[in-house]
Amino acid sequence: METSPHILVVDDNREIRDLLGRFLVKHGLRVSSAQDGRAMRRALETGRFDLVVLDLMLPGEDGLSLCRWLRATSQIPIVMLTAMGDETDRIVGLEMGADDYVPKPFNPRELLARIKAVLRRAQGVPARPEDKGGTGRPYCFAQWRFDAARRELVGADGMVVPLSSGEFALLLAFVEHPRRVLSRDQLLDLARGRAAAPFDRAVDTQVSRLRRKIEEDVREPVLIKTVWGEGYIFTPEVTRQ
């Protein structure tokens, strides 16, 4: 049991925490819970987790603020729980680096499926077959240095830009296939794998999030260009350092 993924459920509703905890444990996961941001931070200081299920509607420090803090301080995957009609919060949460979301009220089986899909992406991307036996040299494009082995994107100023697991997988797909038009289905295959595709958010959302981090002007992107009716193309020359 110790080798199974450890999930931290952050929700102020005790009934949801208890019911979800029992359900996930029944399906082979280890589960800890926290009722607010303060308890979440204490749990992260003392334990090691593979994924955080984070409710956005929390007392005190809200889920969006906690999502921003999590992504700035770690690469731990995040699945958000959102109110059914809060589309703006969902978009903002995804842009802050959350990996997926499930609207309330939710079906526990759907949440379990999304948790497993995000875990597959987070754990599976670095071990891609084409990387085996490689040198692990960082990719360089424009003013960026992308170290896939360390999961680090470094700008010209030397600052590390945090990436969610979805953004990491998408950027890796682009740098490995530069100057080629890739359809949305191809990007799903390359970045996440077909097993996860039924549970994925739109590729367009992931591209939009990545553009916000690497483009100088997201309104006129030059690194990731849209090819209308076909998909996207990663335009810069990519070298290995």
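Angles between axes of 65 to 115 degrees count as roughly perpendicular. Keep that in mind while you look at this predicted model. Helix 6 (residues 165–176) packs against helix 8 (residues 203–214) at about 85°, and their axes are 10 Å apart. That angle falls inside the range, so helix 6 and helix 8 are roughly perpendicular to each other.

Who does the touching? On the helix 6 side you'll find Gly166, Glu167, Leu170, Leu171 and Phe174. Helix 8 brings Gln206, Val207, Arg209, Leu210 and Lys213 to the contact. Sort the residues of this contact by type and you get 5 nonpolar, 2 polar and 3 charged.

At the start of helix 1, Asn13 puts a side-chain oxygen within 2.9 Å of the backbone nitrogen of Glu15. After the helix comes Gly28, with a positive phi near 90°.

Which residues of helix 1 are buried? They are Arg17, Leu20, Gly21, Phe23 and Leu24. An α-helix has 3.6 residues a turn, so residues three or four places apart point the same way.

Leu19 also sits in helix 1. The C-alpha of Leu19 is 9.2 Å from that of Pro108, although 89 residues separate the two along the chain.

Notes:
Residues are numbered from 1 along each chain as its sequence is written. This is a predicted model: local features need pLDDT of at least 70, side-chain atom pairs count only at pLDDT 80 or more; totals for chains, interfaces and linings use all residues. Side-chain values use heavy atoms; hydrogens and water are left out. Buried means under 20% relative accessible area, exposed over 50%, partly exposed in between (1.4 Å probe, protein chains only). Helices (H or I, at least four residues) and strands (E, at least two) are DSSP runs, numbered from the N terminus. A polar contact is a pair of N or O atoms within 3.5 Å; within protein, one must be able to donate a hydrogen and the other to accept it, and residues adjacent in sequence count only if both atoms are side-chain atoms. Axes are lines fitted to C-alpha atoms, for helices over the stretch in contact, and angles run from 0 to 180 degrees between N-to-C directions. Angles under 35 degrees count as roughly parallel, over 145 as roughly antiparallel, 65 to 115 as roughly perpendicular and the rest as oblique. Contact means heavy atoms within 4.5 Å. Ala, Val, Leu, Ile, Met, Phe, Trp, Tyr, Cys and Pro count as nonpolar, Asp, Glu, Lys and Arg as charged, and the others, Gly among them, as polar.
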